[in-house]
Amino acid sequence: MCSHVNIQEYLARISYNESHQDADLQTLTVIFQHHIQAIPFENLSMHCGETIELDLQSIYNKIVRKKRGGWCLESNYLLFWALQELGYDICILGGNSYEPAKKTYTSEINHILLKVVIKGNSYIVDAAFGGAYQAWQPLMLISGKDQAQIPGVFRFMEDNGTWYFEKVKRKHYIPEQQSVPFTDTPELGNIRKIYTFTLKPRHINDFQELNTYLQVSPDTILRKKSICSLQTTEGLYALVGWTFTEMKYNYMEDMDLVQITTLTDEEVEKTLKDKFNIVLENKLVPVNVRGLPPNLVDTIKQNQNAIPSFTGDMNLEEYFARTGYKGSLEKQDLETLTDIFQHHIRAVPFENLSIHCGEKITLELEHVYNKIVQRKRGGWCMENNQLLGWVLKRLGYDTSFLGAYVFNPHQNAYATIMTHLLVKVVIDGKAYIVDGGFGVSYQMWQPMELVSGKDQPQAPGVFRFTEKNAIWYLEKMRRKQYIPNQNFSNSDLLEKKECRKVYMFNLEPRTVEEFCFQCTYLQTSPDSLFTKKSICTLQTSDGFRALIGWTLTETTYNYKENMDLVEFITLEDEEVEKTLKEKFNITLDRKLVPINVKGFYTI
C-alpha cells in the first residue's frame, strides 16, 4: 500500500467531478453530500476481527482505497483533511451524544464534528452521525433557528457556551404487511436530542483513548450492534445486525416510509455489496444485542454465584472495624479527618486484582462497600475515594468529589480523559484534598491544604499544588533511593526524576456516575495500564508495600537522611497468593492471573 494521501483520489472515491477552486458554501455543500452518499457510517471492523486505527493514513487506506466506510472518528477526520486541503478554514470539535434510555448526555466526549468558517459565518459539518439524524447540508451555527432539510428540521440551541443539537422528527409509515418490529423503543415526542458540544478546538489525538474504548468496552452500543448506514438520494439504507431498513423521506406529507426486512446470514454479505458497495476482507459476525451482550450477562451471573453479595445495611461501625479506627468522632476537625484517613490507607489497599481474576468492577456504592468492608478487599481510586467520601459525609464533613487527569510520564502529558476520582473537604473555610486511592509513593499520608505554591512535607516526600488559570497541578519531590539488591537498580518500576507530576484537576464538583465510562475503559482497554499490570499496594507505618505482577517491593521512608530503602523480591506463582494474604490481608474469591507487561508505571 503506497503511503500517501491524495485529494484527487478522495474526490474520485466520492464521485465528485465539479470545480473545487472556490472554498465557498456551495462547493462545501456538494462535496459534503457526495461524501455522505458514498461513504457509509459503519463499525463493521469491530465485528470482523479488525482494529480501527485513528491515523490519517490508515483511515485513508480503508475508506478511499478499500472503499469502506467508518464511524465519526474516521469519516469526519477524513473530511477534515480533505476540506483543509481544499483551503477551508476548519477545526475539529468534540460532542457528547444524547442517550435516550438514560435521558441524558454522555459525561465524556464521544463524537467528532467539524466547524467551517466561510466569510465570517460558522457552519457545523458532520458527515458521520448516520441514520435519520444525519444532516444533508452544512448547518449554520446559530441558536434557535429551524434549519429545514430533506431528513427533517434541525436546530441548534446555545446556553452558556454549550450548544445543543436536535432534530424534529416526522411520522413513520410502516406498511402493514411488515411483521418486523423495531428492536429499540423509539423516543416519545417529535423532538430528538442528538448531542451537545462547545466551540473548543480539538486535535485528533484527543480522541485516541475514546477510539480504543469504543472498540473494547462491552457497554458501548457499537459493541452491541453491527451497524452500516448510508444516505441515498431520497432517504437512507441501514443494516443493523440482520435487520435491513430502507427509509424514504417525505414519502407522504410529513411522513417517512420505513421498510424493514430481516436477512439470513447468507443475505447479509450480498446486501452489503449491493446496497452499500462494501466488500469485506474478513468474515462479518452480525450482532444486534438489546441490552447487555449475552456473554457479559453470563459472566456476571457466574461471578455473583462465586462472590458473596452485599449483606445488611452500610454502617460506619462496620467500616471503622475494617480500618481499625477507634478514635473520637465527635469533632469534624482536621485532626480527626487525618486520623481516619491514615487508618484507611493502611488498611485498604489500592489494587486492581478484580480485572485479573475474572471479576467486573462496578461503581455502585453498595458493591464498593461489600467489596472493601465486608470482603476485606481493596480497590482503585473510584472505589476507595467513593467509600471514603461516603464515610466523611456521614460524619458531617463538607465534602465533594473532583475529577483529575493523571500525568503520563511516557507521553510527557496529562491524560485527555478524566480517570481519577478524589475528595475535597472544607473545614473552617479551608479546603483540603483527600485522596486515598493513588497508591505507592505518590499516596499522600495527610489531607493536603488546597493552596498554590506551598511545599507540604509528609512522610512520603514533599507534595505541592500549583494553580494556573483555575487548573490545579499536583507534584511530588522524592528522596534518593537505596536498593540493596543491585539486580533491580535499573528496574523500570523505579522513578528516576526527583520531581514528578502526578495529576491535574479543577474544582468543578463531580458525581460518581461521571466515571462509569472511565471505569469500563480502564478495565477493558488493552491500552490501559490496569489491564497490563496486576497491582496491589498498601501503605504501612513507615512506608509501603507493592506487588506488581510477581515483583514484591517494600519501601521504608527516610531509612537514612533523605534516602528511602527499596527492597525487591521476585515471587514464584505459588508465593503470590500467600503474599497477598500475609502482606496485604487479601484473600481472593477467584484465581488471580498475575501480569506485568512492560510499561511506564513507577512506584
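**A walk through the fold**

Asn-412 sits in the loop between strand E17 (398–408) and strand E18 (413–414). The model is predicted: local features need pLDDT of at least 70 and side-chain atom pairs count only at pLDDT 80 or more, while totals for chains, interfaces and linings use all residues. Residues are numbered from 1 along each chain as its sequence is written, and side-chain values use heavy atoms, with hydrogens and water left out. The labels H and E refer to DSSP runs numbered from the N terminus: helices (H or I) have at least four residues and strands (E) at least two.

Asn-412 has a phi near 55 degrees, a positive value in a residue other than glycine. Most residues other than glycine have a negative phi. Asn-412 counts as exposed because its relative accessibility is 53%; exposed means over 50% relative accessible area, buried means under 20%, and partly exposed lies in between, for a 1.4 Å probe and protein chains only. Asn-277 also has a positive phi, about 60 degrees, although it is not a glycine. Asn-277 lies in the loop between H7 and helix H8 (294–306), just after H7.

H7 covers residues 265–276, has 12 residues, and reaches 16 Å from its first C-alpha to its last, close to the 16 Å expected at 1.5 Å a residue. The expected span is 1.5 Å times one less than the number of residues. Which residues of H7 are buried? They are Val-268, Thr-271, Leu-272 and Phe-276. Seen down the axis of H7, these buried residues fall within an arc of 105 degrees, so they line one face of the helix. The arc is that of the directions from the helix axis to the C-beta atoms. The face of H7 turned away from the buried side carries the exposed residues Glu-266, Glu-269, Lys-270, Lys-273 and Asp-274. The cover over the buried residues of H7 includes strand E12 (227–231), strand E13 (235–240) and strand E14 (243–252).

Next come the cores. In soluble globular proteins, nonpolar side chains tend to be buried together. A nonpolar core is a set of buried Ala, Val, Leu, Ile, Met, Phe, Trp, Tyr and Cys residues joined through side-chain atoms within 4.5 Å. The largest nonpolar core here has 134 residues, and Tyr-10, Leu-78 and Tyr-503 touch the most other members. Helix H4 (residues 72–85) gives the most to this core, with 9 residues. A second, separate core of 14 residues includes Cys-91, Phe-154, Phe-156 and Ile-194.

Contact means heavy atoms within 4.5 Å. Not counting residues up to four places away in sequence, Leu-78 touches Tyr-10, His-35, Ile-39, Leu-56, Ile-59, Tyr-60, Ile-63 and Val-64. Ser-75 is found in H4 and is buried, with a relative accessible area of 1%. Leaving aside neighbours within four places in sequence, Ser-75 is in contact with His-35, Ile-39, Ile-63, Gly-70, Ala-127 and Ala-128.

H4 also packs with helix H3 (residues 56–65): the axes of H3 and H4 come within 10 Å and cross at roughly 100 degrees. Axes are lines fitted to C-alpha atoms, for helices over the stretch in contact, and angles run from 0 to 180 degrees between N-to-C directions. H3 and H4 are therefore roughly perpendicular to each other, where angles of 65 to 115 degrees count as roughly perpendicular, under 35 as roughly parallel, over 145 as roughly antiparallel and the rest as oblique. Among the residues that meet are Leu-56 and Ile-59 in H3, and Leu-73 and Trp-81 in H4.

A further crossing involves helix H5 (residues 208–216) and helix H13 (residues 516–524), whose axes come within 9 Å and cross at roughly 80 degrees. That makes H5 roughly perpendicular to H13. Glu-209, Leu-210, Thr-212, Tyr-213 and Val-216 in H5 meet Phe-517, Thr-520, Tyr-521 and Thr-524 in H13. How many residues of H13 are buried? H13 is mostly covered, with 7 of its 9 residues buried. Those buried residues pack against H5, helix H12 (381–394) and helix H14 (529–532).

Val-512 lies in the loop between strand E26 (499–505) and H13. Val-512 counts as buried, at 11% relative accessibility. The C-alpha atoms of Val-512 and Phe-401 are separated by 7.8 Å, although these residues are 111 residues apart along the chain. Val-512 touches Leu-363, Gln-386 and Phe-401, not counting residues up to four places away in sequence.
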